[in-house]
Structures are given as C-alpha cells and as structure tokens.
Amino acid sequence: MTETPTPLTTAHPYASFLHRVEKPARYAGGEMNQVRKDPSTVDVSMCLAFPDLYDIGMSHLGTKILYSVLNKHPRIACERAFTPWVDMERELRARGLPLVSLESARPLRDFDAVGCSLQYEMTYTNVLTLLDLSGIPLRAQDRQDGTWPLILAGGPCATHPEAVAPFFDAFLVGDAEARLPELLLRWKADRVAGHSRREALIRMAQAGGVYVPELYEVAEDARSGLLCVTRPIDERVPARVTRAFVPDINAFPFPSDSPVAAAQAIFDRLSIEIARGCTEGCRLCQAGMIYRPVRERDPKKIISTVLTAIDQGGYDEASLTSLSTADYSCVDPLIRGLMGELRSRNVSLSVSSLRAYGLNDGLLDEIKSVRATGLTFAPEAGTQRMRDVVNKNISEEDLAASAHRIFSRGWDKMKCYFMIGLPTEQDEDVVGIVQTAARQKAVGRGYIRKAEVTASVSSHVPKPHTPFQWAAMDTIPELKRKQWLLRDAGRYYNVPVKFHDARISYLEGIVSRGDRRVSDLIEAAWKGGCRFDGWDEQLKFEAWMAAMEALPGFDPTRYLGTLPLDGGLPWDHLDVGLADGFLAMEWKRTLKNKASPPCGKPVGMQVHHTNVAQALADKKKLVCYHCGVACDMTQMREERVGFLSEMGALEAPVIEPEAPSPEVEAPVETPTDKRWKAPRPPVRENAAKPEDLVRYRLQYVKTGLIRLQGHTDMLRILPRVWRRAGVPVGYSWGFHPKPLMTFSPALALGTYSVGELVEVALTEAVPLDTLLTRLNAAADPGLAFVGGRVMEHKEPNLAYRLEAADYLAVLPGIDREAAAVAVMRFMGAERVPMTVRRKEEERTLDARASVAFLRLADAALWPELVGPRPEGALVQLRMREGGGVVDDVAVPPTASVRPREILAAAFGAGPSADDATLVRLGFWRRDEDGVLRSPLEPRPATLPPVAVPEASLIA
C-alpha cells in the first residue's frame, strides 16, 4: 500500500553545487520548526548572522532565544545565517554568489538589520567574511550612504567591543530580549520617516542599552597607553552606556520550538537555559560578572519546555545549562521531576557546568537511570592556593567526594578543566593540575579497573570586566614551558593531558583588551586569509604576525602587559552594573590569596536547601559583598521557597547512606581479584523482549533539500521522526539504549530517492495506514513514507541478501544518441579500471564489475515525486551492492565505486557526470530460490525460516 506525498522541488541558489562541499545541509535550510514569513506582512526584517560554523551556532542558546522572541512579534521577521566553511566560501566567491539566509535564501544585504552574536574574540575575522560575502562594506564609515542594513552586535564580547567597533553600527550591551524588538522597530520607523542614518543612530543610543561607536571621541590614555572613549559627540547621547537588563527572565520563556539542526551540531541535543548569572564570583570568569544578578527560570516551566521540545523535536537527550547548574536553587526537585518524565521517553539528561560539590548521590542515580552521559567538572586550578586566588570555592575534599560518587555509580570517564597562566601561578601549581587529576583517577580505579580522568588545560586570557583585567598575560614561550611541565607530569602520573594552542590564546589576549587600533590588525589578518582562528586546523598564525609587522607602530605588548589600576581602559564607558572599585577590591584580594564567599546563599552554605522546611527554618542572612548590582535578597529568598513549594519539595528527604568516605589518598593499584567486576547498571524494566516486538519494513522518499543530508545525518533524523510521531519504538537493552532500527545502504549526497528503506521494531502493533499517516505528519520537509509491510517474526533484516540498487540519471549536455554510444562502449568492456580516492588514499577499482546493467531509459520511468525531469539524456543503472551474485556475475565485497563515478567512467569526467541528476529507484534482494525480489515483497512461504540474532538487541 502507498501514500502519495506532495512533490517537493527546489530552486535554491546553491542547489547545483552544494553536493561539492562538506555537509551541504549547513547551507540548505528547511529544518523542522524554522520560521519563514512573507516580508510584505511585517515592518522590519533581521538576519541573525552567527560568526561561526552552523554546527556551533545551532547549539547557541542566545540565538534560539532571540529567534523565538523576534519571530513571535507580529511586526518582525527573523531569519538565520552562519559563517560558511572555507570550502563553501571558495564556491561562493568562484561563482560570485552572495551569502543568503537559511529560511528564504535571501541575500543578507536585503534585510533591514544584520545581527552578530559575539561569543568569542577569535570569531572576529568571520564577521568580516559574513559582511564581505554579503556585499556589505566592512566598515561603518563606508555605509553612510545608501540603504545598507543596520549592522548590530550583541553577546558577551559586546561589553568590550573596541577591537571591532569600526565594523559595526551599534552594539546592544546586556540582555536583548526586551530591547532588541523595540530597537529594530524604531530604527526602521526612523529610516522610513526620512531621518538620516546618523540621526537614527543617535535616537537609538539615546534610548539606552546601545553603544554606537561613531558617536564617541577617543584618545590615548596617558597611564595605560590605550585608546579610550572620552566623550560623546552629541549631547543627547549618554556619556556611559548602561546595559539592557531583564529582571525576570521568566517573562521570556525559553523556546520549545527552535529549529532542529539538519547537519549535526556540536551539542546535538535539546539544551535549555535554567538560570542566568552566577553566585560564585570566580575572578577569571567574565560571564559571572556581566550577567549579574542570578535570575532563575521557574522549574515547572523548565519541565514543560523540555517535554514539549522533546516531543516536537524528537531529541533523545536533554541538557540543563547555566553558568553553574549545581547552584540553581531548585536543582534537586527539578532533576527528580524531569527524569520521572524523561525515563518513559527513553531520553537521557546531561547537566553542564557542574561544580565539585555538584550533585548528590540520588541525583546522579536519576541522571544515570536512562543513559550514563559524560560528566565534566572545572576545578580550574591544581592547588588550593590557586583555587583561592581564582575564588573557586571548592576544596580537595569536595573533589574527592565527587570522584567517589561518580565512579561508584559505574561511570568510567571524567573530564576536568583547568587553566594555566593565572595570576601569581608557580610551577608547583602547574604540576598540581596533573596531581589533582591523578588523585581523581586513583579514586576511580578503586571502583573500575579502567577508570580514566582527562585533564583539559587552556591558557588564561585576562578578560575585561573581571578582577584579572589588569593582570599581565603569560607569553607564548612561558605558556609552552608550562605545557611541557604538564606533559612530563602527565607521563609520570599516567594522566592524559590535552592543551589549547597557546598561539590562539595569545591572539585572543590582544583582541580581548584591544582598542580601535586592533581593528586594523583584524582586517589585515582577514585579508591575509585568516578564517575560523579558534579552530586549530585553520589557524594561520604567521599571517597574523605578518599583519602586526605591516602595521606601523603596532605593539602587541601594549595589550598583554600589566595595566595600571588608575589607568583608563577601552571598555570603561560601558556600565555592566558593577560598582566602581569592586573589581579593584577583588584584584587586591587575589594578590593576598584571599577567597570571597559565594553570594546569594545563606552564610556558610555551598548549596541551597532542597526543601521548603529547611529553607524556612534557616534564618541566616544571604551573603552579599556589595558588587554594585542591587539584589533584592528578600525577594530572592521568597522566590526560591516558592519554586520548592510548587515542585512539592516540602519536607527534608530521608538521608540515604553516603558514598564511601572520600579519602584523598585513595589506592592507586588496580584490583587484582579475577572475580571482581565493575558495577553494571540494572536491567531496564521497560526493555521489550524480542518476542514482544512487531517489526515493520517501510519505504520512504527523499526529495527537496533533505537529499543533501548524508547517511550519518539520516541516522539521527529518522529516529527523531518516530519520536515526534509518538510511535512506540522498541529500544535495545544495555547501558546505552538505542532505537531498534535498520537502514538501507547509504545514499550519496545530493541524490534523490523514491525507494529508501528502514526497518523498525515497535513495542505494540500499529495499523500500517495509521503508522504512515503519523510518520508523514512528523516528517522533515522532503521526507515522505509511501509504503511498507509488517515483517514476519523470524524474517531476516535488510542486510540479508540485499544485492542490487537501481538508479536513474539525467546527463546534462548529452543527447540520446551520444549516450547510446557511450553505454554500448561501457557495457561491452570487460574491465573499466578507474582511480578513486578513499580516506586520503588512492585506489584502483573496476567500475564495470559494479554494474549489472547500464542502458537508456524511457521518460516514463521518471518518478513524478521528484519533480520535473531536467534536460539531458536519461539512463538507468543497476549497481551491485556489497558482494554476492547479481545476474549470474560474482561481485567482490570490496567493489565500492559510487554511482556518479560510474557515470564519469561511462560518459567521461566533467559537467555531464558531475552535474547529473541522480535518483535511486529502489533495491533488490536475492532469496534462496535464486529469484530477485523487492525487499517490500514477503519471502515465499516455501523458503526455510531464517532466525534473527537476538544479540542485535543489545547495545
């Protein structure tokens, strides 16, 4: 039986060449939940242009929030773009094509505004790539005439923007949810009303929360030697820009309907912000300073958002995210309540930004109950003295207790983040990093024979708006010397140590504390070919150094040395809410190795109370050390009690036995008792038995933009469709349960298909009509399920005797007569050797051995589902799949020539083969009676049964 979907055709400006680049889905759009509005129905349009790869930007929470806020406004349309990878940039420049948005393939220069979220200083050259590929002048001074879009920046780096100030029209400083929509509407209204660009910018700055660089004069400060803002050029513009601030982030609920990444994102899961700001006051952390005070999301709304997003997006993992998730005041009942819902969906939970005192035994058991996700901690420093210097507020006992809790529950890996180059650091502090990791590993080896702890070490960059903003940064030779110390210590203690490239940190230090002179360096480096400078494989350090040498009088040490406490700084004109003198006071405490207590918690407490009874009984004051942010402590206490109450956490829980005593000097020896076994998770009670499963084999179609999804992406997309459809899929047994699915062989990027196959095991029978309808309602655009059947219980899966696949190809520029000659020549050859490249290695394969037949095809074979047939000769190709015998010809299993390579061998390499339109029609299997049949046909009853290995159900 079949269901006929609506044909999907594509007229994307990149469609003809996207198959040539890595991960074309990064640029095609068409994701689930994307929003596309008619520009004629709104007042203003904005493109959020993220200055990094799609894979990074699709994990960025701020982009998700703003995309939702803007598109929910009836007068605003918001679309997205990301920096193209270097291969895509080459293709665009070679063809003279502009960068376009994902939603409507609209050039960025046609939007009213283009916004960049500046998360990391080493993405600044990517900003220039975005502008240049869009045909927009790089510098604001060159955009004064004409109707260029407003070029706007936000994000944490907008609090110290002077290094890129000449490239932007304005910076939104602080929280954008409330300020950005009104800013965009006012900008467009002022431009429509006839105000000049300069006047519209003045009116924008006057409203607050926005820094417009061209409206301020700068001069070199005599003490620091840095260019600093002196005064505004118009009396209507504030001398100091005060950050935009959202006091209640619950007024802007975290979106549950964000676009689902097509290409695999770095964090390919549902992530949700549960709080903004941090109580801990780590002196190296800029985010902990500029996002004060702590604002928490309602736990009930968090659970509701997570569950809605899971059901709509089809994710199998959720993540709770904040600057310090363990310090969320309602974290205990939140995780317990959330896991109660996620378990039934076979969805795992990860928790980011844990502290060593982190989560208690019960919560770790909850997290592990579906799947043991990775755990990462950030001790930051290797000795207690250095942890006091950075104000980390964790002890050696905290670290040991965490290791006991984690490894005693079956986790066998832990990652710890550290920094070198911190103020007052000595060599013993550096070696202490490895020693700390070794102590954690020793605890782990007491539970699990192969327990591992990895130390990931980055280099400290003194950031603006932190107590360390005046500190000198270590030189590259000094950072490398410390890395050698760590490498040697790692070998001695047998601890893996990973490093961040010290050269990247060096450049980050210059740009972070840079003034407007650094913009010339950034532009020169970009013109020298620098892109994606934070990626080790893309860093062109020599080009950066050449750019420095070419700039007259440029001195990098000006930005990297110790800065005077009484000197001017390039970010002094931006008020992030901290009182004058607070950072200097914390810097002085640093030099005395003195820690400051975490704010917002009762005196002497590391974590918040987990229930109403204890919270109300505790009459101690909440700690406040007067940073300048006016926190309402009474309101803060009442809100936390309210959250605990609504989660039902009323009484103190019964205290369970603690993990083994956290002795720091844990035994290093591996247990030698041969009967000893590592702890295993309990068998899941909801795991279906093989005899209870109902297996289906379904046929689906790939047309439109989803044909640009690779096989690996489809392995993620198809299970998500099932979860969105609410179909009861069976899961494997074991520690890492996976949906029980089997897929047909990989389809080449860019190839259409009307005959893809997938097998799935369900825990209960669903009528086929109902199943297809539900799947199609939940399917990604271009994906449609068109038929299938219920399989016999012992029927072998797709891999069994699958021997051939049929394709149609349209060859542009070749007429039918020329194609007939080429087909006869190819089919008449005994061998057609050709050289192919596989995994950076050249191999010679016989193209002819992989082909059962190649012949001219009748136009009636063209499937209407794909859309109109392009111009060119139409041929049909049957390829042998994975060895065996097809049409009485033996095929070696290693024959792996691809369809487009066969076309090149038959018709000659060039446009006809490279640009051919390929459609996979379907597959053939050969049963034991020697007959070729479609996999959708049942096996004849006369054939002997074939057992399905139950081992396939174990993951």
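Me: How many disulfides does the structure hold?

Reply: A disulfide requires two cysteine sulfur atoms within 2.5 Å. In this predicted model, the structure holds zero disulfides. Cys-282 illustrates the point: the nearest cysteine sulfur belongs to Cys-278 and lies 6.1 Å away. For Cys-631, the nearest cysteine sulfur is that of Cys-627, at 5.9 Å.

Me: Is Cys-282 buried or exposed?

Reply: Residues under 20% relative accessible area are classed as buried. Cys-282 has a relative accessible area of 11%, so it is buried. Cys-631, with a relative accessible area of 31%, is partly exposed.

Me: Which residues touch the most other members of the largest nonpolar core?

Reply: In soluble globular proteins, nonpolar side chains tend to be buried together. Here the largest nonpolar core has 199 residues, and Leu-118, Phe-168, Leu-180, Leu-342 and Ile-522 touch the most other members. Setting aside neighbours within four places in sequence, Phe-168 is in contact with residues including Cys-116, Leu-118, Val-127, Ile-151 and Pro-213. A second, separate core comprises 32 residues, among them Ala-819, Val-832, Met-834 and Phe-923.

Me: At what angle do the axes of helices H14 and H15 cross?

Reply: The axes of H14 (residues 427-445) and H15 (residues 476-493) cross at roughly 35° and come within 9 Å. The crossing of H14 past H15 is right-handed.

Me: Which residues make the contact between H14 and H15?

Reply: H14 contributes residues including Val-430, Val-434 and Ala-438, while H15 contributes, among others, Leu-485, Ala-489 and Tyr-493. By class, this contact has nine nonpolar, two polar and three charged residues.

How values were computed
Residues numbered from 1 in each chain as written. Predicted model: local features only at pLDDT ≥ 70, side-chain atom pairs only at ≥ 80, totals over all residues. Heavy atoms only, no water. Axes fitted to C-alpha atoms, helices over the stretch in contact; angles between N-to-C directions. Helix = DSSP H or I, 4+ residues; strand = E, 2+ residues; numbered from the N terminus. Left-handed = near helix turned anticlockwise from the far one by under 90°. Contact = heavy atoms within 4.5 Å. Nonpolar A, V, L, I, M, F, W, Y, C, P; charged D, E, K, R; others polar. Buried < 20%, exposed > 50% of the residue type's maximum accessible area, 1.4 Å probe, protein only. Core = buried A, V, L, I, M, F, W, Y, C linked by side-chain atoms within 4.5 Å.
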